[in-house]
Amino acid sequence: MNTQPRLSVLDLVPVRSGQTSAQALAASLELAALADRLGLERYWFAEHHNMAAVAASSPPVMIAAAAARTSRIRVGSGGVMLPNHAPLVVAEQFAALEAIAPGRIDLGIGRAPGSDPVVTSLLRATGPTADVDRFPQHVTDILSLMGPDGARLRLVSGDIYDVRATPAAGSVPTVWLLGSSDYSARLAAELGLPYVFANHFSGQGMDQILALYRDGYRPSAEHPEPRTFLTANAVVAPTSDEAHDRALPQLRQMARLRSGQKLGMLETVEAAVRATADEPANGMLAQSIETMRERWLIGDAEHVAGEVRGLAERYGVEEVMVVPVAGSREDEPLDATPGRAQTLELLATHLAVGAIVAPKTGV
């Protein structure tokens, strides 16, 4: 296996205090363009709803915008939360995206709602959604609908009715199943699909779940071998101290989430540093932060690049997808994320990404 793993990005489109949604989205699209120039493998957008610090609520919209601003990088969802959507609508959206950027679209599918119970109820009451208990069937339906031949339905009358997500598909998106438990791993293995474990959110049981996926894998025509990679939260800066400061806003946000506290927009780096200094070092928030800090990839470029290589070697993967969670300073532009851009630039340089993924031109 190559000791220099390929590098990809998962973006939740973070929103910090004083920032508008428009500015946050503009910053993420600039980051996608940078990832394309750096030679990264893929750039995925998450789906979360009604969160003050997350503007990634509609992956297909963001993917279309990112595809228009890039030329070679794969763009996709990490992921579409299928219970929130009708399978036919998902198939149509991603078939259209594939037509816009042939050979560059990934459809990552998740089974979680990506929201709280109130928003989940609102989604189901106001639009077409999917029954979570029929998740395996809906995944196979999407696979069929996006293909050139489409799907064939038998009506009550006995007649056959053809349904296609797009009239004449020349290529199809690559479908990935995402998860943090063994459910999606087992289903991906059964269907012969690529699988990604959400290590950036929950690293519990990753060894066993990846082994379960690989050992139970049933080869498919599109994927004769199991395919997987790792995700990890990362902050890289010229010095370790700066990296740890830039990690604080997101660490504090995740600690509040895990302890059930009220969430708001992300703090600036300076605000997070001040707040941390005023809080007890042995408090619940501080303990949660320290636990996460041990799992996240935080430090200077040499240190984090070494950790990325170590993860790839330990888990037998050739790609690592980072969630660049570096916070912003008070004097930095609202329509840019210099800390996240710095994370990608330093990692790409130290992992020699350009030497592995040769730039391509055209769509």
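## Basis and terms

Helices (H or I, at least four residues) and strands (E, at least two) are DSSP runs, numbered from the N terminus. This is a predicted model: local features need pLDDT of at least 70, side-chain atom pairs count only at pLDDT 80 or more, and totals for chains, interfaces and linings use all residues. Residues are numbered from 1 along each chain as its sequence is written, and side-chain values use heavy atoms, with hydrogens and water left out.

## Overall fold

The protein contains 13 helices and 11 strands. Its C-alpha trace spans about 70 × 45 × 40 Å along the principal axes.

Contact means heavy atoms within 4.5 Å. Of the contacts with a separation of 6 or more, 75% join residues 24 or more positions apart.

## Surface and charge

Buried residues make up 52% of the 363 residues. Buried means under 20% relative accessible area, exposed over 50%, and partly exposed in between (1.4 Å probe, protein chains only). The protein exposes about 16,100 Å², and carbon and sulfur atoms supply 53% of that area. Areas come from the Shrake-Rupley method with a 1.4 Å probe; for residues, only the protein chains shown count as cover.

There are 31 positive and 41 negative side chains. Lys and Arg count as positive, Asp and Glu as negative; His and the chain ends are not counted. The centres of the two sets lie 3 Å apart, with each charge placed at NZ of Lys, CZ of Arg, CG of Asp or CD of Glu.

## Nonpolar cores

A nonpolar core is a set of buried Ala, Val, Leu, Ile, Met, Phe, Trp, Tyr and Cys residues joined through side-chain atoms within 4.5 Å. The largest one has 76 residues. Those with the most contacts inside it are Leu40, Tyr43, Phe94, Leu107, Tyr195 and Leu347. Helix H11 (residues 301–315) gives the most to this core, with seven residues. A second, separate core has 23 residues, including Trp176, Val235, Ala255 and Ile298.

Tyr43 has contacts beyond four places in sequence. Among them are Val9, Asp11, Leu31, Ile73 and Arg74.

## Helix residues

Leu29 sits in helix H1 (residues 21–38). Leu29 counts as buried because its relative accessibility is 8%. Beyond four places in sequence, Leu29 contacts Met62, Ala65, Ala66 and Arg69. Pro59 is 30 residues from Leu29 along the chain, and their C-alpha atoms are separated by 12 Å.

Ala286 belongs to helix H10 (residues 284–295). Leaving out residues up to four places away, Ala286 touches Pro280 and Ala281.

## Loop residues

Thr337 lies in the loop between strand E11 (319–324) and helix H12 (338–350). Its relative accessibility is 11%, so Thr337 counts as buried. Beyond four places in sequence, Thr337 contacts Ala27, Leu31 and Ser328.

Thr268 is in the loop between helix H8 (240–258) and helix H9 (269–278). Thr268 is buried, with a relative accessible area of 7%. Outside four places in sequence, Thr268 touches Arg16, Ser17, Pro249, Ser328 and Glu330. Thr268 and Ser17 are 251 residues apart along the chain, yet their C-alpha atoms are separated by 6.9 Å.
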